[in-house]
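Please examine the sequence and the structure before reading on.

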Amino acid sequence: MKDIASRALETAKLRGASHAETRIVDERSRSLATKNGRIAGASDSESTGIGIRVIANGGFGFAATDDLSREGVEGCAARAVEIARASSSVKAQELYLVPEPAAKADWVSPCKIDPFSIAIEQNLDLLFAIDAALLAVKGVTLAEANMNFRRYEQWFYSSEGSEIHQTTVTSGAGYAAYSFQGTEIQKRSYPNSYGGQFQGRGYELIEELRLLEHAGEIAEQAVALHAAAQCPEGKFNIILDSSQLALQIHESIGHPIELDRVLGMEANFAGTSFLTLDKLRTLKYGSEIVNVVADATPAHGPGLGTFAYDDEGVAAQCTPIITNGLFTGYLTSRDTAAAIGATRSGGCLRAENWNRLPIVRMTNVSILPGESPLTLEQLIASTERGILMETNRSWSIDDKRYNFQFGCEVGWEIKGGKRGRMLKNPSYSGITTEFWNSMDTICSRDEWTLWGTPNCGKGQPQQVMGTGHGAAPARFRNVMVGTAYKGSE
Amino acid sequence: MLDRDQANDIFDKLRRLSEADEIELLISGGRSALTRFANNTIHQNVAEEAYHISVRSAFGNRTARASTNKHDDDSLRRVVQSSEALARVQHPDPDLLPMPTKEEVAAAASADCGDGAVNRYFEATARLTPQDRAQGVAAMVDVAKKHNLAAAGIFSSAEIVEGIFNSKGVNAWYEQTLAEVSVSMIGSSSSGWQKANSPDRARLDPVRMAEVAAIKAIESKDPRDLPPGKYTVILEPAAVLDIVGFMFWDFGGSALLEQRSFLNDRIATQLFGENITIWDDAYHPLQAGVPFDGEGMRRQRLKLIENGVVRAIAYSRCSAKRMQASEMAAKVGPVRPTGHGFALPSEIGEAPLNIVFASPPEGESRTVEQMIASTERGILVTRLWYIREVDPYEKILTGMTRDGTFLVENGEVVCGIRNFRFNESLLQMLQNVEVMGVPIRSCGEESFDMVVPSMKVREFNFTETTKF
């Protein structure tokens with residue numbers, strides 16, 4: 001791989017590039033899915049190629065090819081330089097990369113059981129067993145189950161001398177039961193909606209999820225939702241389960257702290273951010289118990305945002321994002337860090353694959369658990385009146401990340417510290433900073449889960465990236481509930 | 001660029017390597033480039049050439065797929081072996097059909113398909129260089145500077161190929177170019193936006209688009225805060241596309257059979273207003289995209305909705321067979337393979353994705369300007385954003401307005417307003433359409449490209465406002 005990369009770097013230099021990086025990637029993935037007793041998806045995939053990012057004449061250029069022959073790689077590097085020169089013809093500001101020492105490293109993500117070593121029959125047997133358990137419950141009209149594995153090996157070389165080899169294995173699985181009755185389609189998912197749980201681990205994750213054990217209860221809840229009361233509209237204290245809180249973090253903290261958004265680089269597509277530069281270390285983002293970090297280091301856990309080096313060769317770091325409620329940090333890259341006076345990138349530049357330009361991305365953006373022991377049941381017991389909401393069903397937020405609305409699959413009325421009747425179609429909405437400032441309790445480490453969001457879209461051409469979000473159940477005071485159905489009677 | 005002969009050669013090699021009862025090759029890819037700008041600067045600029053080789057093997061009623069991006073002999077051998085290994089261990093699918101023959105494809109094609117040929121390849125688009133795109137961006141940035149705004153957006157171009165070959169003789173090939181421009185104009189308190197694409201680069205006018213976006217940014221500055229509620233809205237075509245696109249995934253036989261469609265128990269009822277007639281038409285002159293489906297069946301023109309009544313839905317070969325055997329069959333209109341299946345095995349099944357709204361009767365269409373002039377009080381919406389489904393059966397969708405939202409009073413645009421969140425049922429919305437424009441090819445970020453009109457809709461349900 002070093003020979004291939006050297007050809008690319010040398011060609012870029014000869015063509016006039018002042019800086020060049022190459023990423024050679026070898027990816028393998030497997031996707032299996034069942035639906036109502038049938039195979040809905042069964043595919044293996046492999047992809048290999050090289051992406052070359054250069055700076056020439058003060059402009060960025062990026063080209064990618066799956067042709068790793070000498071001609072293919074040299075042609076690709078030349079194309080990247082030609083593109084960079086075209087970029088430099090339209091610029092209102094100079095490009096500057098903050099320094100980063102060259103690194104030589106070899107890193108492999110933790111993986112106890114190689115998921116590709118597990119017999120496909122075993123995978124399918126589990127999926128069909130789940131499918132059967134879901135459909136065994138009367139009223140379930142659709143059962144879906146899926147399992148996904150990916151092995152991603154990358155060789156990074158730069159004109160500054162970095163040589164970084166990383167291999168990451170990710171696994172994920174989940175299922176959903178749907179029930180159509182009258183004029184309603186209800187749904188329950190496990191362990192999370194939209195594909196389940198994903199982490200940077202091997203097949204051991206699938207075993208730990210104990211998927212089959214929960215199928216009966218999940219299916220029964222999907223059917224029971226039809227007879228449940230409609231979630232009321234008004235201001236309520238709400239408790240979010242950890243998976244819903246993880247998505248809340250993703251949308252209302254993770255995206256607005258991306259410095260490229262703040263600087264307007266995503267204005268045409270993903271949008272900008274309310275977190276303008278004047279708000280750093282001045283904005284009270286949340287209540288004093290809100291502590292959030294962006295942590296890509298393996299010490300944080302096997303999240304989808306865990307690595308040793310990012311895709312421009314910057315070592316993984318832990319950045320305090322919200323510290324005792326105060327906004328303290330952005331997600332940065334080498335070309336954006338200088339905007340906040342930083343002398344080093346926060347190590348957040350990531351690419352979906354070899355054929356995509358790395359852009360600023362979330363790593364593991366996680367809320368830290370409470371320090372005093374507190375379980376979800378204890379949190380419910382301490383809540384006189386409120387609503388517990390579980391598992392995301394819909395999510396939407398404006399293009400500056402102020403106003404959000406989330407729907408969940410199921411709600412539970414809390415009265416007198418007890419979990420009461422089931423509520424259907426629960427939703428809540430608000431303004432980001434008002435919401436985080438209303439958080440008054442968060443459960444402790446035992447309730448904290450590092451969730452994986454495998455489908456975060458950003459960039460043009462759009463890139464889908466996995467991000468990690470650690471969260472524990474938390475309570476929020478006087479939140480607007482039920483507006484999703486307002487006016488639809 | 002990979003051509004049809006090279007693709008044929010790849011399929012011949014795969015076929016020789018295959019031990020399966022049947023083998024199918026889907027091949028897609030090409031050259032693409034995208035120049036991205038923000039703050040009046042090109043900050044990202046990319047190009048790639050890549051091809052995706054996807055092989056499906058079938059042993060009786062067991063099938064699976066494997067793919068690779070390499071076409072050397074070792075990679076082709078490996079991808080065949082992978083698809084066969086995966087297929088052999090599948091649980092049998094009683095509904096899986098043998099791959100279609102070329103005779104079946106020909107027989108299923110009807111007058112609604114024509115000869116299946118479309119020409120959407122333009123040399124001028126294929127030849128666009130990084131310098132050409134940079135010049136287009138520079139012209140848009142000049143517009144921004146003239147108005148003291150910051151420009152952001154993209155200028156992209158691509159030439160793509162897609163082919164399907166199977167061991168029963170199906171051999172279909174498609175080539176297309178596509179150029180796309182999207183531009184946002186950013187002011188201190190407002191923004192404006194335009195986006196368009198076409199196989200023919202000559203049909204795009206980046207400077208005009210930049211001017212329209214700039215005017216929207218200027219006219220919406222210092223937005224007023226209006227209370228949420230039900231308003232008459234004038235939705236520009238991109239806003240219509242953004243929201244209506246969410247319903248067509250339910251227009252498939254599999255969606256009905258799996259009871260995940262809002263059309264369950266509603267076909268042939270007066271679901272929308274009588275002024276709503278919608279086709280799926282891959283051959284429409286303003287459409288783009290492949291005219292055959294994931295098994296090589298030619299896409300048929302379908303009148304999905306006629307005067308507000310759902311008359312037809314899309315089928316793959318498999319879902320048509322399943323529907324014919326279902327107790328629903330008598331209630332869902334014509335049941336036959338329509339050439340809308342996704343590559344097998346598929347979680348979704350099929351969907352019509354070449355949507356064309358019928359034009360209003362002669363003399364009844366209205367321009368956006370005429371809609372504004374006829375509105376006593378309402379909201380003009382440029383585009384919608386982050387739309388998600390709140391309720392799958394009532395088809396309540398939530399999302400935000402973005403990049404140019406205006407108050408209309410007494411027939412005139414009065415001022416910009418802060419963006420609204422909506423929670424609106426598509427069923428209600430398409431019952432409340434008062435007038436429409438002439439459908440145009442339109443694109444957005446929330447849905448696939450369509451031929452859609454602007455619409456004036458009464459009682460559109462805004463539930464909250466944001467801070468800008």
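The sulfur of C456(A) lies 13 Å from the closest cysteine sulfur, in C348(A), which is too far for a bond. A disulfide is defined as a pair of cysteine sulfur atoms within 2.5 Å. By this rule, the count over all chains is 0 disulfides.

The model is predicted: local features need pLDDT of at least 70, side-chain atom pairs count only at pLDDT 80 or more, and totals for chains, interfaces and linings use all residues. Side-chain values use heavy atoms, with hydrogens and water left out, residues are numbered from 1 along each chain as its sequence is written, and chains are lettered from A and ligands numbered from 1 in the order in which they are written.

| Residue | Relative accessible area | State |
|---|---|---|
| C76(A) | 0% | buried |
| C456(A) | 3% | buried |

Strands (E, at least two residues) are DSSP runs, numbered from the N terminus. In strand β20 of chain A (residues 427–431), 5 of the 5 residues are buried, so the strand is largely enclosed by the rest of the structure. S427(A), S429(A) and I431(A) point one way from β20(A), whereas Y428(A) and G430(A) point the other way.

Which strands pair with β20(A)? Pairing requires at least two bridges found by DSSP. Strand β18 of chain A (residues 403–415) is antiparallel to β20(A) and joined to it by 5 bridges; here G407(A) stands opposite S427(A). Strand β24 of chain A (residues 474–481) also pairs with β20(A) in the antiparallel sense, over 2 bridges, and V481(A) in β24(A) stands opposite Y428(A).

Terms used. Buried means under 20% relative accessible area, exposed over 50%, partly exposed in between (1.4 Å probe, protein chains only). Helices (H or I, at least four residues) and strands (E, at least two) are DSSP runs, numbered from the N terminus.
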